[in-house]
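Colleague: I would like to learn how to read aromatic pairs and nonpolar cores in a model. Could we go through them together, with the general idea before each case?

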Amino acid sequence: MTLTRRNLLRGSLKAVGAAAGVTAGAGLLSSVAGERSLIGSSFAAAPSAAVQTAGVYRFTVGTLEVTALLDGYFDADPSLVPEFDRQVVDQLYQAQFRDLPGEKVRIGVNCFVINTGDKLVLVDSGTADKYGPTMGRLPENLRAAGIAPESIDAILITHMHIDHISGISSIDGKALFPNAELIVHKADWDYWHDDGAMAKVSKTMQDISLHSRAMALPYKKRLTLIEKDGEILPGIEAMALPGHTPGHTGFLLRSAGQEVLIWGDVIHFTALQFARPDWRVVFDTDMDQAEQTRRRMLDRVAADRVAVLGSHLDFPGLGHVAREGDNFRYIPSTWQYQV
Ligand SMILES: [Zn+2]
């Protein structure tokens with residue numbers, strides 16, 4: 001008996017193996033491969049793409065159009081989180097049907113472009129080449145989204161950390177968004193430019209400070225500092241969320257009765273900190289204040305059912321928060337079919 005596709009489908013694996021005179025799986029596979037050559041290209045193997053598709057996702061908030069752009073990911077050492085408990089981490093990952101992390105925990109980095117109708121506004125700019133080859137994808141994802149850097153009118157920076165400000169300038173001091181004004185909270189600007197404050201912090205933080213200053217410098221003549229909460233651009237309101245840095249700022253998008261809060265780094269670990277908002281990160285300038293801000297915002301967006309958009313929430317970083325006992329649960333948003 002000849003092995004054909006028909007009897008392969010009709011018979012059981014064992015029966016087909018016996019009919020073909022083979023018992024081992026490998027023999028069966030080679031028989032099927034032999035048949036493939038008889039029926040030509042309909043079974044042609046396709047090489048694996050081995051790369052993810054473009055990190056671009058578009059949705060609307062009223063009349064505002066938002067494009068989420070992935071800058072990439074990095075693997076964070078657990079020592080970044082003083083409260084890190086491996087058993088709890090494994091339980092939370094298992095409960096969310098996630099592959100257990102290895103020794104390090106993966107964090108994505110997202111940026112956003114908001115089209116207000118008459119302005120294109122970039123929110124944060126990723127890491128450029130500061131965190132290795134898995135990061136720095138903002139320029140290629142901007143291209144994939146059809147957004148030219150020259151068309152960006154304003155850059156909002158949630159805070160002046162490396163993974164948020166590194167993409168705005170080249171290392172030789174050229175503005176990569178040549179027509180954009182830079183908008184950042186005054187408290188953050190002052191803190192990272194304060195030589196006295198920097199003399200008291202670690203060498204790492206001093207390096208971050210120097211780097212942030214260098215990135216911001218090309219925009220010094222077109223700089224706006226946010227001094228209080230409220231509307232800064234049509235449909236975009238600044239909201240101070242201090243703790244992670246002194247001037248860490250959220251941006252509330254509000255249009256035609258819809259709201260989304262861009263909350264920057266309120267959460268760093270999507271799988272962990274909704275269930276454990278008491279878990280802090282050592283890069284918080286004030287860890288206690290950061291935790292208070294996190295709890296306050298989680299409470300508020302859960303009660304008001306406001307969607308959140310996060311720099312480090314799993315791409316595209318959009319979802320809702322539900323209360324669960326004393327803590328919270330994250331519900332990622334589903335695909336928006338129309339924009
Ligand atoms: Zn960050």
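Colleague: Are Tyr57 and Phe59 buried or exposed?

Modeller: Buried means under 20% relative accessible area, exposed over 50% and partly exposed in between, with a 1.4 Å probe and protein chains only; both Tyr57 and Phe59 are buried. This is a predicted model, in which local features need pLDDT of at least 70 and side-chain atom pairs count only at pLDDT 80 or more, while totals for chains, interfaces and linings use all residues. Residues are numbered from 1 along each chain as its sequence is written, and side-chain values use heavy atoms, leaving out hydrogens and water.

Colleague: How is a pair of aromatic rings described?

Modeller: A pair is described by the distance of the centres and the angle of the planes. Rings of Phe, Tyr and Trp (its six-membered ring) pair if their centres lie within 6.5 Å, and planes under 30 degrees apart count as stacked, over 60 as edge-to-face and the rest as tilted. Tyr57 and Phe59 are stacked, at 5.9 Å centre to centre with 25 degrees between the planes, whereas Phe74 and Tyr131 are edge-to-face, at 4.9 Å and 85 degrees.

Colleague: Which residues form a cluster through ring pairs?

Modeller: Tyr57, Phe59 and Trp335 are linked in this way.

Colleague: And how many residues does the largest nonpolar core have?

Modeller: In soluble globular proteins, nonpolar side chains tend to be buried together. A nonpolar core is a set of buried Ala, Val, Leu, Ile, Met, Phe, Trp, Tyr and Cys residues joined through side-chain atoms within 4.5 Å; the largest has 31 residues, and Ile152, Ile155 and Phe177 have the most contacts inside it. A second, separate core of 24 residues includes Ala238, Val260, Ala307 and Leu318.
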